[in-house]
Amino acid sequence: MAAEIVNPRSDSDGTTDEELFDPAFALHRGGKMAVQATVPMRDRDDLSLAYTPGVAKVCSAIAEQPELVHDYTWKSQVVAVVTDGSAVLGLGDIGPEASLPVMEGKAILFKQFGGVDAVPIALDCRDVDEIVDTVARLAPSFGGINLEDISAPRCFEIERRLQERVDIPIFHDDQHGTAVVTLAALRNAARLTGRPLGGLRAVISGAGAAGVAIAKILVEAGIGDVAVCDRKGIVSAERTDLTDVKRDLAGFTNKAGLTGSLEQALDGADVFIGVSGGTVPESAVATMAKDAMIFAMANPNPEIHPDVAHKYAAVVATGRSDFPNQINNVLAFPGIFAGALQVRASRITEGMKLAAAEALAAVVADELSADRVIPSPFDERVAPAVTAAVAAAARAEGVARR
């Protein structure tokens, strides 16, 4: 007799055993966030002030003086977290609905670490024109737009076109948040090992959103040289298979004119930065310069496991929370947006990103060790320091409106 097939579902609403007993499912049931009123609604007087007829006075005032929207609505305190679900964490293209738990998580990180309200918005479209048009039409409701988990190379064009079209900050965190935290950690690692940033040669594995942004900010910060590698090897001007983004990348990186593979690029390199996945052979790691710095940030499996990295490197960082020196974007984006919103910035400039990195590095500058070149996400000094630095940089660069 054939064995009876037991349905794994455990109750009438279709909940599985995994969903019943896994704490991740338990935490997510019903979502992770809600809207809460900031004014009382106790009686008819409260209702008449918060809604009609009182609200009409405020609407009329804003119609006459549009800038009043920042004072009399939540616009100047709220960010839209926008995705199309095409490049979600390490899960890839899982679609807008499946991306929502991540976008909710991002929103509560904004609130917890930066005091910024955020609204998750998952778009059911992939066309660049449609995404740009949709977000631009939503922009009047928000003080800033955080683009999240949108695949490269579309993410570059979407961010650029949106910033040209609207006068609020557009920030693709997968690019710039990663870049800011990486630069902060690298500044401190260089300081710890007694080397100037301008004397370092770095190799980046991955020429996607994060890799391109990291290369740009390292060059802006004055690194000695940086070579970026994709699946086919070093991105160099000699290659004929480059996209427009990679062709531009080749124009401001790889001053040494290196060609060949990632392994060849690592020979004598001071820094490895991994944002690609895959595995780097230990034999290649062994050819790096003495007291190297290895930032292997792929999750869940770093390109170079810390056990291997520590054999050759003075400083090791990953993207994981169970190893020291976690390169975590939450160290950057809440404070960056808080600073930009504080001064009603029209955009987030390269100078503001550099200021954020310098402020973040300075938080632990007097506490440096091989296991502490970047603060913990729970260090309460982080967000205020980044917020102040970004606000000051916005004023200095002429993009602040308050």
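User: Hi! What does the accessible surface of the chain come to, and how much of it belongs to carbon and sulfur atoms?
Analyst: Hello! This is a predicted model, and in it the accessible surface of the chain is about 19300 Å². Carbon and sulfur atoms account for 53% of that area.

User: Thanks. What radius of gyration does the chain have, and what would a compact globule have?
Analyst: The chain has 23 Å. A compact globule with 402 residues would be near 21 Å, so the two agree. Taken along the principal axes, the C-alpha atoms fill a box of roughly 80 × 75 × 45 Å.

User: And what share of the residues counts as buried?
Analyst: That would be 50% of the 402 residues.

User: How many helices and strands are there?
Analyst: The chain holds 17 helices and 10 strands. As for contacts between residues at least 6 apart in sequence, 65% of them join residues at least 24 apart.

User: Switching to charges: how many salt bridges does a search of the whole structure find?
Analyst: It finds 28. One of them is between the side chains of D167 and R401, at 3.1 Å from N to O. D167 sits in the loop between α8 (154-165) and β4 (170-172), while R401 belongs to the segment after α17 (382-396), so this pair ties together parts 234 residues apart in sequence.

User: What about R195, which side chain does it meet in a salt bridge?
Analyst: R195 meets D270, at 3.5 Å from N to O. That pair also links distant parts of the chain, 75 residues apart: R195 is in the loop between α9 (173-192) and β5 (201-205), and D270 is in the loop between α12 (262-266) and β8 (271-274).

User: Why does R195 count as buried?
Analyst: Because its relative accessible area is 19%, and buried means under 20%. D270 counts as buried too, at 13% relative accessibility.

User: Which residues are linked in a network of salt bridges?
Analyst: Those are D230, K232, R239, D241 and K246.

User: Last topic! Which residues form a nonpolar patch on the surface?
Analyst: M41, L47 and Y51 form one, and together they have about 340 Å² of accessible area.

User: Where is M41 placed?
Analyst: You'll find M41 in the loop between α2 (23-28) and α3 (44-50). M41 is partly exposed, with a relative accessible area of 48%.

Methods:
Residues are numbered from 1 along each chain as its sequence is written. This is a predicted model: local features need pLDDT of at least 70, side-chain atom pairs count only at pLDDT 80 or more; totals for chains, interfaces and linings use all residues. Side-chain values use heavy atoms; hydrogens and water are left out. Patches are made of residues with over 30% relative accessible area and no salt bridge: like charges are joined within 9 Å, nonpolar side chains (Val, Leu, Ile, Met, Phe, Trp, Tyr) within 5 Å. Accessible areas come from the Shrake-Rupley method with a 1.4 Å probe; for residues, only the protein chains shown count as cover. A salt bridge is a side-chain nitrogen of Lys or Arg within 4 Å of a carboxyl oxygen of Asp or Glu. Helices (H or I, at least four residues) and strands (E, at least two) are DSSP runs, numbered from the N terminus. Buried means under 20% relative accessible area, exposed over 50%, partly exposed in between (1.4 Å probe, protein chains only). The radius of gyration is taken over C-alpha atoms; the globule rule is 2.2 Å times the number of residues to the power 0.38. Contact means heavy atoms within 4.5 Å.
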